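Me: Got a model open here and I'd like to talk it through. Can you help me read it?

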Amino acid sequence: MNTIIPRSGNTPTRRWPRRALITLLIPVLAIVGWQAQSRLKNDGPVGNYLFTAVQRADIEDVVTATGTLQPREYVDVGAQVSGQIQKIHVKVGSQVQAGDLLAEIDSTVYLSRVDASRAQLRNQRAQLKDREAQLELAQIQFRRQKALMAEDATAKESLQTAEATLKSAAATLESLRAQIEQTESTLRGDEANLQYTRVLSPMAGTVVSITARQGQTLNTNQQAPIILRIADLSVMTVYTQVSEADVGRLNPGMQAYFTTLGGQNKRWYGTLNQIEPTPTTTNNVVLYNALFDVPNPNERLMTDMTAQVFFVVAQAKDALQIPMGAVQQKRGPRAGNRSNGQTGSADARPSQRPSGSGSSDDAPRTRQATVKVLEANGKVAERAIEIGVTNRIAAQVVSGLAEGDKVVSGVTNTEGQQGNGGGAPRRMMGGPRL
């Protein structure tokens, strides 16, 4: 008779560890298989590279800065005499010509001075006629005494007295003439001050500001009071502040353009005229003023407008270009003109400097670099190229590529996110931890 031994409720069966182990291994094997399949897929000819086609476009290497607009020619019209402003004949925005009446200052005091000087001058001229008559009489008496002395008909003292009277009359006449010249000079000054009470425009232009008001009293003895400003708005000057890190790339004569807020990206072109040698420091940043003029025929540009300025260091028109992310530059000296033995597109154009750059070196400056190119057999290969003008976004291709070639511009991670250009595809290494 067999004896049945009952199982204890706390004793596990022998099959439970095996089933639990199988349950845990199933997801691990699935993950390992998915990774292996993904690796096999990514190790193909093109992997998960991102490609960009070589295309033609304009490319520029620029130095950016901000600036403000000011009229190239303007004048602050002030008062040359003191007094109360009786009338201002213009307003802001008025168009004036040279010689137009702008304002009038009370002329009562200056008119009285002119009248007094004129009266004094008339008195002195009347005295001049009297002195001239006395001089003529003294000359007659001197000639008479001289004739009598020749005949011993007069005393020697009488002749000497006549001679002294003649010299005194001549001296008095000369002194009076000097006084008349002084009075005439004073009269001219008084008449000028009287004319200064009528403020005239020194140039043709537009009244852009009026700082004085009608009825205001001006005192020229303390400072030169400004009444208004007239500006010629047909040509504007852009005052640009360039950082010390970029000012070394600028040269007078180089092309520049700018855009304004609300200008719908319209470009206004000019030529760099001057770089002021004395800097200004703002928040510990050293800035240099760079100035250039721009025509303003329709007067759409206004005073104190903010300008986003671009100084064109180098540019290329209708050139082959690729993204900078696709370029792997080689360190070393720059190459000169490409030789006839170089490979690449026959119509690849060299870099061009903007006209009037002020540089005597017209040869294109190029550099050696490498890119990864999708070949005709579907494989990715590295190729040496020559690049010209570059900026932060794109690079000009001088030789080594043709229009339509596809270059590697980046990679994609296994999660579908774009990686850094030129690097190896990222893959998840190893399985998840249990």
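Me: Which strand does strand 10 pair with in the antiparallel sense over four bridges?
Reply: That's strand 11, residues 268-275. Pairing needs at least two DSSP bridges between the strands, and strands are DSSP runs of E, at least two residues, numbered from the N terminus. This is a predicted model, where local features need pLDDT of at least 70, side-chain atom pairs count only at pLDDT 80 or more, and totals for chains, interfaces and linings use all residues. Residues are numbered from 1 along each chain as its sequence is written, and side-chain values use heavy atoms, leaving out hydrogens and water.

Me: OK, what stands opposite Ala 256 there?
Reply: Gly 270 of strand 11.

Me: And how many bridges does strand 10 make with strand 14?
Reply: Five, again antiparallel. Strand 14 covers residues 306-323, and its Phe 310 sits opposite Tyr 257.

Me: Why is strand 10 largely enclosed?
Reply: Because six of the six residues in 255-260 are buried, meaning under 20% relative accessible area (1.4 Å probe, protein chains only).

Me: Which residues are on each side?
Reply: Gln 255, Tyr 257 and Thr 259 are on one side, with Ala 256, Phe 258 and Thr 260 on the other, and all are buried. In a regular strand, side chains alternate between the two faces of the sheet.

Me: Switching topic, what share of the whole chain is buried?
Reply: 33% of the 434 residues.

Me: How many helices and strands are there?
Reply: Three helices (DSSP H or I, at least four residues) and 19 strands.

Note on methods
Buried < 20%, exposed > 50% of the residue type's maximum accessible area, 1.4 Å probe, protein only.
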